[in-house]
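Dear colleague,

Please find the structure below for your files. My notes on it follow directly after.

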Amino acid sequence: MDSAFEAEILADFLVEAGELVAGLGDQLLALEDAPDSPELLNAVFRAFHTVKGGAGFLAIDPMVKLCHRGEDLLNEARSGRVRLHADYIDALLNTLDCLQQMMASLRAGAVITPAPSALLDRLLVPAARAKTSAATATEPVAVSSNQVHSATPEKVCTSDAVEGEFEALLAMVGVDMKPVAQANGDPIDDSEFEALLDELYGPGKVPGQVEQSPGADAATNAAPMTDDEFEALLDSFEGNHAHTDNAQPAVAKTPAGGAVKLPDEWLTSAGNPLAEGAATTRNAAPLPADTTIRVDTGRLDALVNLIGELVLVRNRLAVLSADSSDERTERAVAELHRVADDLQLAVMRTRMLPIGKLFGRFPRIVRDISRQLGKRIDLVLEGEDTDLDRNLVDALADPMVHLVRNALDHGIETPEDRLRVGKNETGTLRLIAAQEGERIVIRVRDDGRGMDPDVLRNKALEKGLLNTDQAERLSEAECFDLIFLAGFSTRQEVSDISGRGVGMDVVKTRVAELGGTLAIASELGRGSEIQVSLPLTLATLRALMVRINGRVYAIPMINVLEVFELDPRTVSRVDDRDVIAHRNRALPLRHLGAWLDPSRSTSEARGHVVVVHVGHRQLGCVVDQVIGRDEMVVKPLGRLLHGVQGVSGATITGDGRVALVLNVAQLPDAVVASDLVAGVR
């Protein structure tokens, strides 16, 4: 087979199998709450079976073996012989982790590591585990109920399916096992099984034997069914039941290339579920055609970049047309502006994903951590259908994991502590997403113990992050922001979950890189909420264009609240920084001209104040001139300028000049805990 074709098949398999495995996580967690649900059991079994089938076609033996072991356990549960308790669910979830590691190795072209034998053993029920241990010591001398052989070589029916599979198959075709089984419940013997085969296929006929055509060789027409052929036969039943309008419903193709003739009564009997399903399908309305296609994300990114370049050209034409008196040119530019906006919106929607893709990983995380900590926690997801740029969904994965782990470990109490203070022993963690204007706001809210500002202040003093004078001047909101400092942790001992003081610092850094902000609200004894605010997309940016020291800069509109003219006479000096009375509150000022050019004096500052918000705090940025709003494409800075505090990127203005994009969350007076903490960073 051509190597390129094989690579294409493998890529398709990894995409489809990855989607199935990703969905299995939620299904297994639901199955833990409802272990007797036949719908969930069948859905999980089908997913394992589908992944195993694709892996078998590609000869990925470690994946086949692992999926097959999972199938066996699920079959035992479907037949009612095993109930899936928490340990079995843990083993199945670990199986998903192992499958994902195998798929990651396949994507990287690396050698697949087989599943650990300990995991394979955990997927065995006790009886099967004992049978497996005995089989390793001696050769089997009798066939199991999974592989039933008749007395004569011509009548062979061999299957990897477990007993429950075979019984389900017999029930599907309308055969009752009770008259054939012995009264005391013992397994049927060979003669009884042959009688059963005669009832199913007629005297002298066996499954896998096709009608012998005149003059044909008997050996050709009556070959025994292999294991793969029997599995294909099982698959054909499921397929015919779901798609009975397809051609050749009475013949099942086998991997060996032959055809198994199915009895006509299987499809025409009034009491046969297959026949009933066929009638229902024929009478139902035709299914709609598939309207989706898979597109490589690289192509989408390239398309988005081209749209960004189109926006820059449009802005350039708008500036040039302003100097023209030709009415036709103005109309053409206006039409281009409208079409470019519509095209940009359409392209951006193709790269949007529901934030449920991000939230989907947390039920498993909450389950595992709560079990590890001995806590009872309910997870509530809200706003899962809120759309977000795919790049943001990927970039938020690690910060959100840190926020959730922090809430589970530090926020929500143990059942004993909750009962002691009059709370329900089960805590609640909520992940809430919503679009607010041009921002996406994600809230991580718990009903735990809340944050004590005094404890945070004392811990910062203990770790040497603040001196006594600085600590006393911190407001309650600034005390909450201390948790984002590197090395800060209230945990006395380091554990696998927390205690190192690095998680929340990573969150702050990553969110700032994405042009977002963080805010904390907490009430002692009632719980806490951490709010993450982000732009809708990273591809384009609506910004307020300002002039500072003769150069043009851009301030993202996502941070801008209002603009007003500065009167130097209203500026006061408090705690060695400038503030101004605005809307009945003291607004701290940051002179951007002096920040960009330290030689510039702030005593005679004039111009405008751009009020920006960073979380729950507000800051007044003093600029020389406000030019207006514009839409732009942000380009990353080069290696030499990467990491410059207060600057997140650059763009090209309508007149062809380069303008730096300011990151207000990184301005010296806007960092965590104001400039008091900034002085010791």
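Gly-649 has Val-661 in β22 as its bridge partner, and Val-647 stands opposite Leu-662 of β22. Strand β21 and strand β22 (residues 658-662) pair in the antiparallel sense over five bridges; two strands are taken to pair if DSSP finds at least two bridges between them. Five residues lie between the strands in the hairpin of β21 and β22, where Gly-656 takes a positive phi near 90°.

This is a predicted model, in which local features need pLDDT of at least 70 and side-chain atom pairs count only at pLDDT 80 or more, while totals for chains, interfaces and linings use all residues. Residues are numbered from 1 along each chain as its sequence is written, and side-chain values use heavy atoms, with hydrogens and water left out.

Axes here are lines fitted to C-alpha atoms, for helices over the stretch in contact, and angles run from 0 to 180 degrees between N-to-C directions. Helices (H or I, at least four residues) and strands (E, at least two) are DSSP runs, numbered from the N terminus.

Met-557 is found in the loop between β13 (551-556) and β14 (560-566). Leaving aside neighbours within four places in sequence, Met-557 is in contact (heavy atoms within 4.5 Å) with Glu-438, Arg-542, Ala-543, Leu-544 and Arg-629.

Turning to the helices, α3 and α4 pack at an angle of about 160°, their axes 11 Å apart. That makes α3 roughly antiparallel to α4, given that angles under 35 degrees count as roughly parallel, over 145 as roughly antiparallel, 65 to 115 as roughly perpendicular and the rest as oblique. The contact of α3 with α4 has 13 nonpolar, two polar and no charged residues. For these classes, Ala, Val, Leu, Ile, Met, Phe, Trp, Tyr, Cys and Pro count as nonpolar, Asp, Glu, Lys and Arg as charged, and the others, Gly among them, as polar.

Helix α3 (residues 61-78) also holds Glu-71, which is buried at a relative accessible area of 4%. Buried means under 20% relative accessible area, exposed over 50%, and partly exposed in between (1.4 Å probe, protein chains only). Not counting residues up to four places away in sequence, Glu-71 touches Phe-45, Phe-48, His-49 and Lys-52.

The axes of α4 (residues 86-108) and α16 (residues 362-373) come within 13 Å and cross at roughly 130°, which makes α4 oblique to α16. The contact is made by Ala-86, Asp-87, Ile-89, Asp-90, Leu-93, Asn-94 and Asp-97 of α4 and by Arg-364, Arg-367 and Arg-371 of α16. These residues divide into three nonpolar, one polar and six charged.

For the chain overall, the secondary structure comes to 25 helices and 22 strands, and buried residues make up 43% of the 681 residues.

With kind regards
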